[in-house]
Amino acid sequence: MNIARVVRPHGRAGEVIVRPVRGLPFCIEPGLEVALTPPALGRDRFCRVEAVADDPQGGRVRFSGIDTIDAAEAVRDCYVLARRNDVELGALDAPWEELLGRHLADARFGDLGAIAQVIETPANDVWQVEGAFGEVLVPVIEQVVREIPETGDIPVRIMDGLIDPALLPRASEQLADEPETVAHTGEGEGACS
């Protein structure tokens with residue numbers, strides 16, 4: 001799983017500045033085995049995180065085998081990949097590409113539609129959902145999204161005011177025109193495997 005990108009070298013001892021990618025939090029910890037891609041001749045593809053420190057531009061990281069400024073420069077713009085099971089993510093953390101196309105299901109409103117875009121804001125991400133209610137902007141906060149299951153619909157509790165009640169009859173008419181209105185299985189385009 002792609003978790004970060006090396007931005008630039010830091011100092012002369014091989015440390016680099018690393019930023020998370022794809023909407024993920026910074027999840028690099030000492031001892032984590034990672035792959036730096038694209039691979040380069042003369043460098044091991046796999047290495048271990050030896051040290052991590054906070055930095056205003058991301059995290060300052062030292063990888064095994066990267067111990068000079070030249071070696072650090074050689075990994076500039078490389079992506080940092082880790083095994084999914086080795087990375088601890090919160091209940092509401094998921095790579096954006098695994099979210100796009102997933103459907104949201106609300107107990108009151110039913111299928112809200114599919115996530116078309118993830119919008120980053122300083123406070124929290126917002127999912128732009130396209131469906132029977134038109135465009136709905138869903139804040140990714142614990143009061144709305146309790147968890148993100150690996151597959152299938154994402155259960156949500158839409159707060160009052162996010163969906164215009166006047167759209168309820170229109171949404172019901174659109175759903176009645178569809179041949180099948182059962183819950184989405186999460187299979188197909190945009191689904192996790």
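How many salt bridges does the structure hold? In this predicted model, the structure holds seven salt bridges. Among them is the pair formed by Asp77 and Arg5, whose side chains meet at 2.7 Å, N to O. Asp77 lies in the loop between helix H1 (69-74) and strand S6 (79-82), whereas Arg5 belongs to strand S1 (residues 2-10), so the pair ties together parts that are 72 residues apart in sequence. Asp77 is partly exposed, with a relative accessibility of 43%, and Arg5 is also partly exposed, at 26%.

A further salt bridge is formed by Arg62 and Glu50, with 3.3 Å between the closest N and O atoms. This pair links distant parts of the chain, Arg62 being in strand S5 (residues 58-63) and Glu50 in strand S4, 12 residues apart. Arg62 is partly exposed, with a relative accessible area of 31%; for Glu50, likewise partly exposed, the value is 43%.

The side chains of Asp86 and Arg83 also meet in a salt bridge, at 3.3 Å from N to O. Salt bridges with shared partners join Glu33, Arg83 and Asp86 into one network.

Arg43, by contrast, is buried and has no salt bridge. Arg43 is located in the loop between strand S3 (33-37) and strand S4 (46-55). A polar atom of the Arg43 side chain lies 3.5 Å from the backbone oxygen of Leu36. Leaving aside residues up to four places away in sequence, Arg43 touches Leu36, Pro38, Ile66, Ala74, Val75 and Cys78.

Five strands form an open sheet with mixed pairing, in the order S10-S9-S8-S7-S11. Strands S10 (134-139) and S11 (154-156) stand at the edges with a single partner strand each, so one side of each lacks a neighbour in the sheet. On average, neighbouring strands are turned by 40° against each other, direction ignored.

Strand S7 (residues 103-106) runs antiparallel to strand S8 (residues 110-119), the two being joined by four bridges and forming a hairpin with three residues between them. His103 has Ala114 in S8 as its bridge partner, and Ala114 in turn stands opposite Glu130 in S9. S8 and S9 are antiparallel and share five bridges; six residues connect them in a hairpin. Strand S9 (residues 126-131) is joined to S10 by six bridges, again in antiparallel fashion, with Glu130 opposite Glu135 in S10.

Notes
Residues numbered from 1 in each chain as written. Predicted model: local features only at pLDDT ≥ 70, side-chain atom pairs only at ≥ 80, totals over all residues. Heavy atoms only, no water. Pairing = 2+ DSSP bridges. Axes fitted to C-alpha atoms, helices over the stretch in contact; angles between N-to-C directions. Buried < 20%, exposed > 50% of the residue type's maximum accessible area, 1.4 Å probe, protein only. Lys, Arg positive; Asp, Glu negative; His and termini not counted. Salt bridge = Lys/Arg side-chain N within 4 Å of Asp/Glu carboxyl O. Polar contact = N/O pair within 3.5 Å; in protein donor to acceptor, adjacent residues only side chain to side chain. Contact = heavy atoms within 4.5 Å.
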